[in-house]
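Please take a moment with the sequence and the structure shown here, and then follow the explanation one step at a time.

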Amino acid sequence: MGGMYSLQLALSDPRVKSCVMCYGAVVTDADKLKPLNAKVLGLFGEKDMGIKAADVRTFEQALKTAGKSVEKITIYPDAGHGFMRPPSTTLKNASYNETAANDAWQQIDAFFINTLKK
């Protein structure tokens with residue numbers, strides 16, 4: 001839900017300048033993306049059964065069609081939904097993918113450093 005909320009906030013508030021989506025529901029209609037004022041970084045898993053890779057590519061194209069700024073859209077081939085959340089002693093996560101998660105966090109850190117500097 002966090003990735004979806006990130007996009008929805010960026011769509012509804014023009015003050016938002018940076019939007020990171022980690023496997024959130026996408027918007028594939030370019031007209032609905034027109035209010036977006038934020039640069040977008042998207043991180044998705046190809047094996048996500050709820051957010052299909054084809055829909056993510058359609059989202060990326062819709063952003064471009066709407067003239068929006070796309071930092072990068074990454075679809076990790078061996079990752080599913082929730083691939084960034086490491087398992088704990090109380091909460092298992094079979095989708096955790098350490099390699100993809102590490103790369104995603106590096107992208108997020110660099111993105112925010114570049115887009116939020118004054």
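In this predicted model, Gly45 stands opposite Tyr76 in β3. The chain crosses from β2 to β3 through helix α2 (residues 53-65), and this β-α-β crossover is right-handed, a term for a path that runs clockwise from the first strand over the helix to the second when the strands point away from the viewer. β2 and β3 pair in the parallel sense over 6 bridges, where pairing requires that DSSP finds at least two bridges between two strands. Helices (H or I, at least four residues) and strands (E, at least two) are DSSP runs, numbered from the N terminus.

Residues are numbered from 1 along each chain as its sequence is written. Because the model is predicted, local features need pLDDT of at least 70 and side-chain atom pairs count only at pLDDT 80 or more, while totals for chains, interfaces and linings use all residues; side-chain values use heavy atoms, and hydrogens and water are left out.

Which residues of α3 are buried? They are Ala100, Ala101, Ala104, Gln107, Ile108 and Phe111, where buried means under 20% relative accessible area, exposed over 50%, and partly exposed in between (1.4 Å probe, protein chains only). These residues cover an arc of only 125° around the axis, which puts them on the same side of α3; the arc is that of the directions from the helix axis to the C-beta atoms. What covers them includes β1 (18-22), β2 (39-45) and β3 (70-76).

Gln107, with a relative accessible area of 14%, is buried, and it touches Leu41, Leu43, Lys72, Thr74 and Tyr76, not counting residues up to four places away in sequence, where contact means heavy atoms within 4.5 Å.
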